Amino acid sequence: MAAQETKARILASAFQEFAEYGVAGARVDRIAKNAGCNKNLIYVYFDSKENLFATVLDQHLADAYAGLEFTPQNLPDLSRRVFDYAQANPDVYRLLAWATLERTAARPPAREKEHDRKIPLIRQQQSAGAVNGGVPAELLLMAVMALATAWSPAFPFGATANPNATLEQAAIREAVGEMVARIVRPEG
């Protein structure tokens with residue numbers, strides 16, 4: 001049990017460290033200090049800082065996907081729920097941004113699995129005429145996710161980019177849903 005508790009403390013400490021500094025800027029000694037463990041244990045449990053980062057990212061993405069039921073028949077509602085998640089969990093999106101910027105890891109397994117699961121479901125909705133069939137399913141999913149997460153405090157155009165903005169979060173959330181509705185609306 002002590003090993004599991006130590007791993008959990010390492011993962012929690014690493015999450016904060018990687019969200020703040022990315023892989024290149026993160027320091028294993030800070031992670032160990034904040035986790036209350038010996039630095040060598042991190043290497044025993046995770047082999048490398050990069051593997052620790054990949055583990056942290058995959059864990060948080062898996063949690064996000066588990067908490068966000070995918071509804072291809074109602075992509076506007078999905079975009080609103082992803083928007084809510086992005087607002088409440090900006091550090092998860094910081095991890096994704098660092099992974100993209102630093103190209104430190106291949107697409108995390110949780111992300112790969114979810115992407116591969118969602119595309120055929122969108123295609124089914126396109127075939128049924130419920131979703132715009134004139135746009136590739138991959139681009140529809142990308143548009144939903146991009147619009148839903150763009151206002152995250154983790155991104156340059158997000159909530160913290162313009163402290164003088166007069167837009168209310170609820171209004172932005174609804175606008176995101178409406179934009180997605182226009183994009184996915186069947187042609188004709």
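Biologist: Which residues is L147 in contact with, leaving aside its neighbours within four places in sequence?

Modeller: V176, M179, V180 and I183. Contact means heavy atoms within 4.5 Å. The model is predicted: local features need pLDDT of at least 70, side-chain atom pairs count only at pLDDT 80 or more, and totals for chains, interfaces and linings use all residues. Residues are numbered from 1 along each chain as its sequence is written, and side-chain values use heavy atoms, without hydrogens or water.

Biologist: What separates the C-alpha atoms of L147 and M179?

Modeller: A distance of 8.1 Å, though the two are 32 residues apart along the chain.

Biologist: Why does L147 count as partly exposed?

Modeller: Its relative accessibility is 23%. Buried means under 20% relative accessible area and exposed means over 50%, with partly exposed in between (1.4 Å probe, protein chains only). So 23% makes L147 partly exposed. L147 sits in helix α8; helices are DSSP runs of H or I with at least four residues, numbered from the N terminus.

Biologist: What makes S13 buried?

Modeller: Its relative accessible area is 8%. That is under the cut-off, so S13 is buried. S13 belongs to helix α1. Beyond its neighbours within four places in sequence, S13 is in contact with R30, I31, N34 and A35.

Biologist: And why is D47 called exposed?

Modeller: Its relative accessible area is 59%. D47 lies in the loop between α3 (39-46) and α4 (49-67). Its phi is near 70°, a positive value in a residue other than glycine. Most residues other than glycine have a negative phi.

Biologist: How do you know that the span of α4 agrees with its 19 residues?

Modeller: The expected span is 1.5 Å times one less than the number of residues. For α4 that gives 27 Å, and its end C-alpha atoms are 27 Å apart, so the two agree.

Biologist: Which residues of α4 are buried, and what covers them?

Modeller: The buried ones include L52, V56, H60 and Y65. The cover includes α1 (2-25), α2 (28-35), α3, α5, α6 and α7.

Biologist: What about the span of α9?

Modeller: Helix α9 (residues 169-184) has 16 residues and reaches 23 Å, close to the expected 22 Å. Its buried residues, V176 and V180 among them, pack against α5 and α8.

Biologist: What makes a set of residues a nonpolar core?

Modeller: The members are buried Ala, Val, Leu, Ile, Met, Phe, Trp, Tyr and Cys residues, joined through side-chain atoms within 4.5 Å. The largest such core has 44 residues, and I10, F18, I42, L52, V56 and L75 touch the most other members. Helix α4 gives the most to this core, with 7 residues. I10 is in contact with residues including I31, I42 and L52, leaving aside its neighbours within four places in sequence.

Biologist: What is the volume of the largest pocket, and why call such a space a pocket?

Modeller: About 640 Å³. On a 1 Å grid over the protein atoms alone, a pocket is an open set of points where a 1.4 Å probe fits, with protein on both sides within 12 Å along at least five of seven lines. Lining residues have an atom within 4 Å of a point. There are 26 of them, and Y65, L96, R111, M145 and A146 are closest to the centre. Helix α8 gives the largest share of the lining, 6 residues.

Note on methods
Helix = DSSP H or I, 4+ residues; strand = E, 2+ residues; numbered from the N terminus. Points joined across faces, edges and corners; volume = space filled by probe spheres on them.
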